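Hi everyone, thanks for coming. I'd like to walk you through a few local features of one structure, so please have the viewer open while I talk.

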Amino acid sequence: MTTTSIAPLTGTQRVLAVRTESWREHVDALGPAPRLSSDELIRLVDSAGLTGRGGAGFPTARKIAAVAASRRTPVVVGNAMEGEFLSHKDRTLLDQAPHLVLDGLDILGRALGSRRLILATGERIDSTRVRRAAAERPGRLVDVRDLGGGFIGGQESALVSQLNGRAAVPQDPHTPVYVRGIDGRPTLVANAETLAQLALLARFGPDWFRSQGTPDDPGTFLISVSGLTPPSVLEVPRGIRLREVLLQAGVPLERVGAVLLGGYHGTWLRPGTGDVRLCEEDLSPYGASTGAGILHVLSVDSCGLRVSAEIATYLAAQAAGQCGPCVNGMPRMADTLTRLAVPGSDPRLVAEVDRLRGLVIGRGACAHPDGTARFVASTMLVFARHVEAHLRGECHETSVD
Amino acid sequence: MRRLLIDRTRCDGHGSCAELLPELLDLDEWGFPISLTGERDPAVPRSLAAHGERAVRACPLMALRIG
């Protein structure tokens, strides 16, 4: 790839506009990553309003400040685990602009005085290109590590646990990784896209960053779109209307039955919600968020209950197996939903799904049971009429997709 | 207010905590503690401080602490 123009950075294409494979190409196009002190960096990121793009949407400035306040030197970890089955953005970024992600690590590492910079790549990612990129850069070498762990492998404390040579299982949240992480050091874990966004923000400043998105939810974000269209990764401004994303991705709107926003821990939205803007302000009334930037489209011909039951079953199987309420409750919840997905099911199953949902929420070390319970709640809400149809023994599904 | 912190990664459902602190904890159908206060980590009122300490000591997996 030879595109070195930075002109597209004036539009909505930012991190995806950078397609620089070699270090030389990258520096020619964008210049070197600026050196900032931790105070300068925290101020910059805070005034830009950058939030984590890995799913939780936590303000990045606060995350940096948490480790900067420590007396011990922090470790910085780039998270490209991409455990979310429907997400393709980490892979896309590491393929198209590996140096941009590495720049982000570099900026954080220098500001925090870190001696260890790690980039963790998940099992669906080929790290060849980013390894080559890391090797040709001057300065501190980024340690690229190929890891496993499935859906929860990218969960912050499970990732740290794996990097510490243990199993990829979440740790007790009462001791967060920003206090005790890699080798007991305070650890900052940042998603690959967050690092790429930071690399551009550090070069072009907060006003530039805020020139896209909404005042409360600024910038652009990557969104992996799938279903009714070949899977693609788009970069769009925060606050873009849902319908606009579907159109950009080439989804035939008349064929949309529902959309799942935010991935398998996400929320179903009805087709009538096309006007909703993908920003915190508009999504919170639906209890929804863009999560790690995932939009999956369900065809009008498909049964939302069947698809949801399959997802819940997958999620139950992806549990780390540590916490009792999750180990016992999640398979039961998935099984109950699966039985409900068969037309002519027992009406008592509806209340049973609700009861089991209540039993897993807030009772795991990580958010896996909570995220799954939220997904199941939205299934029961958005497909409520279809649940009634199933209880009458009816289902419109004509073909299995 | 001090809270009863449950390390869910350690808890194995022995259930002694709920026996010693029935005001704050119940057990689910599998024997794992449920907070009765609506909080993830139930606040321990001063009147229950001694019982709380006993529950912490009684847990065979050291999955409880007060902090």
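Let me begin with Asp183(A), which is partly exposed, because 13 other C-beta atoms lie within 10 Å of its own. Keep in mind as we go that this is a predicted model. Asp183(A) sits in the loop that joins helix H7 (156–163) to strand S4 (187–191) of chain A.

Is Glu82(A) buried or exposed? Glu82(A) is buried, as there are 27 other C-beta atoms within 10 Å.

Helix H13 covers residues 348–360, and at 1.5 Å a residue its 13 residues should span 18 Å; the end C-alpha atoms are 19 Å apart, which agrees. Which residues of H13(A) are buried? They are Leu349(A), Val353(A), Leu356(A), Arg357(A), Leu359(A) and Val360(A). These residues cover an arc of only 160° around the axis, so they lie on the same side of H13(A). Just past the end of H13(A), Gly362(A) takes a positive phi of about 70°.

What do the buried residues of H13(A) pack against? Their partners are helix H12 (324–340) and helix H14 (368–382) of chain A. For those of you who like geometry, two packed helices are described by the angle between their axes and the distance between the axes.

For H12(A) and H13(A), the axes come within 9 Å and cross at roughly 160°. An angle over 145 degrees counts as roughly antiparallel, and therefore H12(A) and H13(A) are roughly antiparallel to each other. H12(A) passes H13(A) in a left-handed crossing. Among the residues that meet here are Met330(A), Met333(A) and Leu337(A) from H12(A), and Leu349(A), Val353(A) and Leu356(A) from H13(A).

How do H12(A) and H14(A) cross? Their axes come within 11 Å, at an angle of roughly 20°. Angles under 35 degrees count as roughly parallel, so H12(A) and H14(A) are roughly parallel to each other. This crossing of H12(A) and H14(A) is left-handed. On the H12(A) side, the contact involves Pro325(A), Cys326(A), Gly329(A), Met330(A), Met333(A) and Leu337(A), and on the H14(A) side His368(A), Pro369(A), Thr372(A) and Val376(A).

One last stop, and then I'm done. Leu100(A) belongs to helix H5 (residues 98–112) of chain A. Why does Leu100(A) count as buried? Because Leu100(A) has 28 C-beta neighbours inside 10 Å, and 20 or more is what the label asks for. Setting aside neighbours within four places in sequence, Leu100(A) is in contact with Val15(A), Val18(A), Ala196(A) and Ala199(A).

Terms used. Residues are numbered from 1 along each chain as its sequence is written. Chains are lettered from A and ligands numbered from 1 in the order in which they are written. This is a predicted model: local features need pLDDT of at least 70, side-chain atom pairs count only at pLDDT 80 or more; totals for chains, interfaces and linings use all residues. Helices (H or I, at least four residues) and strands (E, at least two) are DSSP runs, numbered from the N terminus. The expected span of a helix is 1.5 Å times one less than its number of residues. A residue is buried if 20 or more other C-beta atoms lie within 10 Å of its own, exposed if 12 or fewer, and partly exposed in between; C-beta atoms are placed from the backbone. The arc is that of the directions from the helix axis to the C-beta atoms. Two residues are in contact if their C-beta atoms, placed from the backbone, lie within 7 Å. Axes are lines fitted to C-alpha atoms, for helices over the stretch in contact, and angles run from 0 to 180 degrees between N-to-C directions. Angles under 35 degrees count as roughly parallel, over 145 as roughly antiparallel, 65 to 115 as roughly perpendicular and the rest as oblique. A crossing is left-handed if the near helix is turned anticlockwise from the far one by less than a right angle, and right-handed if clockwise.
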